[in-house]
Amino acid sequence: QNEIINLVCSGIEEQLSDIVSGEEVVEPPSNLQILESASNFLKITWDSSPGQITGYRIHLIPMVSGVQEQSINTDSETRTIVAKDLTPDTEYQVNLYAMKGLASSEPVTIMEKTQTVQVSVECTLDANTQADIVLLVDGSYSIGLSNFAKVKDFLETLVKTFQVGPDRIQIGLVQYSRDPYTEFTLMKHSTLEDVVRAVRTFP
């Protein structure tokens, strides 16, 4: 039993020694590219390493503080991955390593910025259109602060397309989690500016 343990330990020590001494040279991959960039993901591709490897590691480092780094490990046959759950409008340094056991190649690096969240709203309302519109917003804790901020940005974009007024379009807002709560009624705000301000500031 001691002989087996000694053999295993010596093998690990030899591999670590090769890594430290530089004898274990891992050839890096090449032609790192971003195939597609969206607000919350990057589609990344590359050409394979010319050497014998066991896999690849992709490390994404955001260039702003407070945003989490992300690492993805793949097998040696993979050439394309999609890095998901990224932060919109954020520049990332994408580092790609070829792996052989514990050893890694020098990184191949590319910089890419995720897209901003695009909101497009088209309304074809007649100038004399009259309507009562109640916005229903999910205020559950599970939504998260960042997603809730996106919802409020969308609502602001939406209400700006309406001609708000007592004889035109009136807007109210109800927020719900467990129970619904009326943030403002249809007749509370009579101008677009007041509605926009209310959408920006409701908790």
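Two strands pair if DSSP finds at least two bridges between them. Strands (E, at least two residues) and helices (H or I, at least four) are DSSP runs, numbered from the N terminus. This is a predicted model: local features need pLDDT of at least 70, side-chain atom pairs count only at pLDDT 80 or more, and totals for chains, interfaces and linings use all residues. Residues are numbered from 1 along each chain as its sequence is written, and side-chain values use heavy atoms, without hydrogens and water.

**View 1. Strand β6 and its partners.** Two bridges join β6 to strand β7 (residues 103-104), and the two run antiparallel. Here Met-99 stands opposite Ser-104 in β7. β6 and β7 form a hairpin with two residues between them. Gly-101 in the turn has a positive phi of about 65°. Strand β3 (residues 55-62) is joined to β6 by eight bridges, also antiparallel. Gly-55 faces Met-99 across this pairing.

**View 2. The setting of β6.** Seven of the 10 residues of β6 (residues 91-100) are buried, so the strand is largely enclosed by the rest of the structure. Buried means under 20% relative accessible area, exposed over 50%, partly exposed in between (1.4 Å probe, protein chains only).

**View 3. Gln-175 in strand β10.** Gln-175 lies in β10 (residues 169-176). Gln-175 counts as buried because its relative accessibility is 12%. Its side chain joins that of Glu-183 in a polar contact of 2.7 Å. A polar contact is a pair of N or O atoms within 3.5 Å; within protein, one must be able to donate a hydrogen and the other to accept it, and residues adjacent in sequence count only if both atoms are side-chain atoms.
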